[in-house]
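I want to go from the whole chain down to a few single residues.

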Amino acid sequence: MDFGLSEEQRLIVETTRAFVENELYPHEAEVERTGVLRKELADELKQKAIASGLYAANMPESVGGAGLDTVTWLLYEKELGRANYALHWSCVGRPSNILLAGTDAQKEKYLYPCIRGEKSDCLAMTEPGAGSDLRGMKATAVEKGGDWVINGTKHFISHALEADFVILFVASGEEDTPRGKKKKITAFFVDKGHPGMTIREGYRNVSHRGYTNAIIEFDDCRLPADAILGEVHKGFEVANTWLGATRLQVAATCLGRAERALGHAIEYAAQRQQFGQQIGKFQGVSFKLADMATELKAADLLTFEAGWKFDQGTVTDQDMAMAKLKATEMLAFVADEAIQIHGGMGLMDDLPLERIWRDARVERIWEGTSEIQRHIISRALLRPHGA
Ligand SMILES: Cc1cc2nc3c(=O)[nH]c(=O)nc-3n(C[C@H](O)[C@H](O)[C@H](O)COP(=O)(O)OP(=O)(O)OC[C@H]3O[C@@H](n4cnc5c(N)ncnc54)[C@H](O)[C@@H]3O)c2cc1C
């Protein structure tokens with residue numbers, strides 16, 4: 001494994017960092033203070049992201065993306081992750097990889113417009129009664145006269161208010177297994193405005209201001225069979241094949257934000273004077289910096305090793321779970337310590353630290369909670385021993 005960056009990777013990091021600093025940072029205060037990402041601003045920044053080649057760079061070259069390998073893609077995510085989430089997610093769109101699983105007709109209708117920045121997607125799995133235990137979902141799809149009729153409720157669905165279509169996962173049947181009945185899941189495309197689907201505003205969230213979540217209700221929503229993504233009853237197989245690396249994306253964006261927080265902490269520790277000297281000269285402060293940098297590096301190595309293994313085809317769920325767990329917990333620690341080093345100023349929104357601290361909270365919950373990541377890791381350790 002080569003730990004150095006190639007010329008191409010260096011260029012991508014520099015280009016993305018420059019975009020984030022010059023185009024996104026100047027709008028952070030507005031989004032944080034109003035809690036809203038204005039549509040005109042989002043559209044303007046999206047056009048800039050498209051012009052600079054950063055939009056949909058996660059996609060393969062064959063479909064119009066940048067064709068980045070996983071390590072390079074994670075370097076790009078890490079840079080984007082420095083900024084306010086609503087700004088980098090909505091303006092530098094990364095269409096869901098799951099769109100690559102569509103038929104040619106589905107790619108024409110959904111994937112290519114997303115890559116061109118004309119449409120955007122959202123992914124609806126979670127329900128009020130089914131979070132970590134997704135198989136416990138209650139929303140159903142029942143086949144009727146060749147169509148599928150959907151009923152049920154999804155919640156916490158990010159970006160659904162702005163998205164043009166929903167990638168929906170619902171229970172389409174049940175099967176008997178040695179461990180009892182198990183729900184079969186099917187994935188569907190549902191266009192915004194489709195009869196029977198209502199999207200309404202979700203909850204106010206402490207993390208990621210300006211990045212909305214929504215509640216989606218289905219009431220006898222009738223979908224044709226060609227709205228199915230992948231095969232009937234194989235929704236989780238499609239999700240597992242195409243969404244595996246999303247946990248690494250979460251990890252990488254956390255690395256970027258932690259690096260930003262650490263940068264502020266180092267600068268402040270070197271400049272702030274108390275008791276007649278720089279506070280960084282007090283071991284109580286300097287050791288914090290040492291621990292923050294060490295934790296950050298550990299998370300960085302875990303994330304990029306998993307990305308490298310992804311490219312070799314040897315990555316395991318355990319590798320990705322470890323990266324997500326470490327990076328998200330590291331960010332919470334680094335953000336908290338960065339505030340501590342700043343004293344009262346750390347809590348003021350003149351600096352991005354209180355925002356990074358708030359934003360860190362959701363990272364340990366979405367894309368699988370820390371407990372679920374520990375469950376994945378511990379199962380991999382114990383299963384070979386029959387436990
Ligand atoms: C802001 C936000 C945006 C989101 N966006 C989306 C989205 O776009 N699409 C989507 O489908 N979902 C989305 N989610 C849902 C997210 O993935 C879930 O919140 C997450 O999976 C946890 O589910 P839950 O909140 O229902 O918690 P629960 O699953 O109810 O968990 C509650 C607690 O129990 C623990 N727990 C549960 N099971 C176990 C276990 N087996 N072992 C140990 N501990 C356990 C959990 O770790 C947690 O601490 C979003 C969530 C948030 C907060």
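How many residues of domain 1 are in contact with domain 2, and how many of domain 2 with domain 1? I get 10 residues of domain 1 in contact with 5 residues of domain 2, where contact means heavy atoms within 4.5 Å.

Notes on the model. This is a predicted model, where local features need pLDDT of at least 70 and side-chain atom pairs count only at pLDDT 80 or more, while totals for chains, interfaces and linings use all residues. Residues are numbered from 1 along each chain as its sequence is written, and side-chain values use heavy atoms, with hydrogens and water left out.

Domains. I have domain 1 at 7–94, domain 2 at 121–240 and domain 3 at 244–385; the bounds come from an automatic or database domain assignment. The C-alpha centres of domain 1 and domain 2 are 28 Å apart.

Whole chain. I looked up 11 helices and 10 strands, which are DSSP runs (helices H or I, at least four residues; strands E, at least two) numbered from the N terminus. The chain's radius of gyration is 22 Å, close to the 21 Å of the globule rule for 387 residues, so the chain is as compact as a globular protein of that length. That radius is taken over C-alpha atoms, and the rule is 2.2 Å times the number of residues to the power 0.38. The C-alpha trace spans about 80 × 55 × 40 Å along its principal axes. I find 48% of the 387 residues buried (under 20% relative accessible area; exposed is over 50%, partly exposed in between; 1.4 Å probe, protein chains only). Of the contacts with a separation of 6 or more, 74% join residues 24 or more positions apart.

Glycine 117. I went to the loop between helix H5 (104–115) and strand E1 (121–124), where glycine 117 is found. Glycine 117 is buried, at 10% relative accessible area. Beyond its neighbours within four places in sequence, glycine 117 is in contact with Lys46, Ile50 and Tyr55. Its C-alpha is 9.1 Å from that of proline 95, 22 residues apart along the chain.

Two histidines. Histidine 208 is in the loop between strands E6 (197–201) and E7 (213–223), and is buried at 2% relative accessible area. Histidine 233 also has a positive phi, near 65°. I place histidine 233 in the loop between strand E8 (228–229) and helix H6 (235–243); at 26% relative accessibility, histidine 233 counts as partly exposed.
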